[in-house]
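Here are a few friendly notes to read alongside the model. Take them one at a time, and keep the 3D view open as you go.

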Amino acid sequence: MAEIKDPENTILMELKGGTVTIELLPDVAPKHVARMKELARAGKYDNVCFHRVIDGFMAQTGDVEHGNMEDGFNLRMAGTGGSDLGNVPAEFSKVPHARGSLGAARSANPDSANSQFFINFKDNDFLNGQYTVYGQVVSGMEHVDAIAKGEPPAQPDRMISVKVAADA
């Protein structure tokens, strides 16, 4: 596991293959970082599936409404929901959508991000300036690469747990 420089702004995501360590970017996207930490601390991301995983592109997850594989799971609805908190306005920056970056998923409205996010499998420069980047995988990317592919996957993988490192 990577050295954790700022535990309050580091996410530990447990996947079936091991731990993914994500450094959040509070100076770049403070509202998105705050939302992720709030939902993680409330346990909302635990057991949520990766509902849209496109090989060579990205893995999307975070539908805390329909994606919890232990509570009211509906694979056909996964990807259409969010949290009961309001949407988060766009926080676009010059930070690129590089391999391992964490991006805010949203609808066509740039200010519609809520709980869903994606992790880029490769550099996806065409997303730059259109989707908020608010974190970067610093270790465990091999576990992200191993997530079951599909839209949705036939047997989706899940985030077993998501914690703020300061609380772990």
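1. Let's start inside. What you see is a predicted model. By class, the residues lining its largest cavity are 5 nonpolar, 4 polar and 1 charged. To find them in your viewer, pick out His32, Arg35, Met36, Tyr45, Ala104, Ala113, Asn114, Ser115, Gln116 and Tyr134.

2. Which helix gives the largest share of that lining? It is helix α1, residues 30–41, with 3 residues.

3. A word on how such spaces are found: rolling a probe the size of a water molecule over the atoms shows where empty space is left. Searching the whole structure turns up 1 cavity of 30 Å³ or more. The volume of the largest cavity is about 60 Å³.

4. Now step back to the fold. There are 2 helices and 9 strands in the chain.

5. How does the overall size look? A compact globule of 168 residues would have a radius of gyration near 15 Å, and the chain has 14 Å, so the two agree. The C-alpha trace spans about 35 × 35 × 30 Å along its principal axes.

6. Of the 168 residues in the chain, 49% are buried. The chain exposes about 7600 Å², and carbon and sulfur atoms supply 49% of that area.

7. Last, contacts along the sequence. Taking contacts between residues at least 6 apart in sequence, 68% join residues at least 24 apart.

Definitions and conventions:
Residues are numbered from 1 along each chain as its sequence is written. This is a predicted model: local features need pLDDT of at least 70, side-chain atom pairs count only at pLDDT 80 or more; totals for chains, interfaces and linings use all residues. Side-chain values use heavy atoms; hydrogens and water are left out. On a 1 Å grid over the protein atoms alone, a cavity is a set of points where a 1.4 Å probe fits but cannot get out, and a pocket is an open set with protein on both sides within 12 Å along at least five of seven lines; lining residues have an atom within 4 Å of a point. Grid points are joined across faces, edges and corners, and a volume is the space filled by probe spheres set on the points. Helices (H or I, at least four residues) and strands (E, at least two) are DSSP runs, numbered from the N terminus. Ala, Val, Leu, Ile, Met, Phe, Trp, Tyr, Cys and Pro count as nonpolar, Asp, Glu, Lys and Arg as charged, and the others, Gly among them, as polar. The radius of gyration is taken over C-alpha atoms; the globule rule is 2.2 Å times the number of residues to the power 0.38. Buried means under 20% relative accessible area, exposed over 50%, partly exposed in between (1.4 Å probe, protein chains only). Contact means heavy atoms within 4.5 Å. Accessible areas come from the Shrake-Rupley method with a 1.4 Å probe; for residues, only the protein chains shown count as cover.
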